[in-house]
Amino acid sequence: MAGKTGIEWTDSTWNPVTGCTKVSAGCDNCYAATLANRLLRSHYTARLPVIPSEQNIADPFAVRLWPERLCEPLEDQTPRMIFVNSMSDLFHADVPDDYIRQVFEVMLRANWHTFQVLTKRPARALRFWRRYANSLNADIVPKHIWIGTSVEDQRVVYRVAQLVQVPAATRFLSCEPLIGPLSLNLNGIHWVIVGGESGPVRRPMQLAGC
């Protein structure tokens, strides 16, 4: 688990999963994909991906599981805000349900931390919780596990409606990178991150009308 991060809205990052696939315009200049393809390529490609096709084996940003990292939050007794899977999406289709359950079991045990689970796939987050809430002995996602979704422009605002159906004590939005105008209903949303795009190739955030 990274003890320091340049991400302003969290303290640490925890990556028991790496890799993802692009699903909308907010992914176009993904910093995680860039990092995986440059600095982390040899490290990631040394491990087989979840779907071991020839293409995925060669792709450092194919989805990979790192079970040896699962217990890292339990080993850190200092309360932190922890961004879960800054290099992936916990609810990507290639991440098995059983592995997601293991991630949640760790988060439920390590309740002195605050976990920020950000996904572009809130519909799967909802399906997962409906299926496994009883076995996890929790009626709702407790307040120390935040569930959020990315909303970069009006084209993906439907994610907000999906997110608010997740029975979570704390729900949040990441409107980052904000690449287009947004009209949002924030009922049921407790926290909003807003920011522009970073990196060498970035689209400007227009402040007009803010």
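A residue is taken as partly exposed when its relative accessible area lies between the 20% limit for buried and the 50% limit for exposed. The structure described here is a predicted model. By that definition Arg101, with a relative accessible area of 21%, is partly exposed, and Glu105, at 34%, is also partly exposed. Arg101 and Glu105 form a salt bridge in which the closest N and O atoms are 3.6 Å apart. Both residues belong to helix α5, where they are four residues apart, about one turn of the helix.

Helix α5 has 13 residues, which at 1.5 Å a residue should span 18 Å; the C-alpha atoms at its ends are 18 Å apart, in agreement with that value. Its buried residues are Asp97, Tyr99, Ile100, Val103, Phe104, Val106 and Met107. Asp97 counts as buried because its relative accessibility is 18%, under the 20% limit.

The largest nonpolar core comprises 41 residues, of which Phe104, Met107 and Ile147 touch the most other members. Two or more residues of this core come from each of β4 (81-84), α5 (97-109), β5 (114-119), α6 (122-132), β6 (145-150), α7 (158-163) and β7 (171-175). The largest contribution to this core, six residues, is that of α5. When residues up to four places away in sequence are not counted, Met107 touches Trp14, Val84, Phe115, Val117, His144 and Ile145. Another core, of eight residues, lies apart from the largest one and includes Cys20, Phe61, Trp66 and Met87. In soluble globular proteins, nonpolar side chains tend to be buried together.

Eight salt bridges are present in the structure. In one of them, Arg47 pairs with Glu68, with the closest N and O atoms 2.9 Å apart. Arg47 is located in the loop between α2 (41-45) and α3 (54-58), and Glu68 in the loop between β3 (64-65) and α4 (72-75); the pair therefore ties together parts that are 21 residues apart in sequence. Arg47 is partly exposed, its relative accessible area being 27%.

A salt bridge is also formed by Asp97 and Arg131, whose closest N and O atoms are 3.1 Å apart. Because Asp97 lies in helix α5 and Arg131 in helix α6, this pair ties together parts that are 34 residues apart in sequence. Whereas Asp97 is buried, Arg131 is exposed, with a relative accessible area of 57%.

Key: Residues are numbered from 1 along each chain as its sequence is written. This is a predicted model: local features need pLDDT of at least 70, side-chain atom pairs count only at pLDDT 80 or more; totals for chains, interfaces and linings use all residues. Side-chain values use heavy atoms; hydrogens and water are left out. A nonpolar core is a set of buried Ala, Val, Leu, Ile, Met, Phe, Trp, Tyr and Cys residues joined through side-chain atoms within 4.5 Å. Buried means under 20% relative accessible area, exposed over 50%, partly exposed in between (1.4 Å probe, protein chains only). Contact means heavy atoms within 4.5 Å. The expected span of a helix is 1.5 Å times one less than its number of residues. A salt bridge is a side-chain nitrogen of Lys or Arg within 4 Å of a carboxyl oxygen of Asp or Glu.
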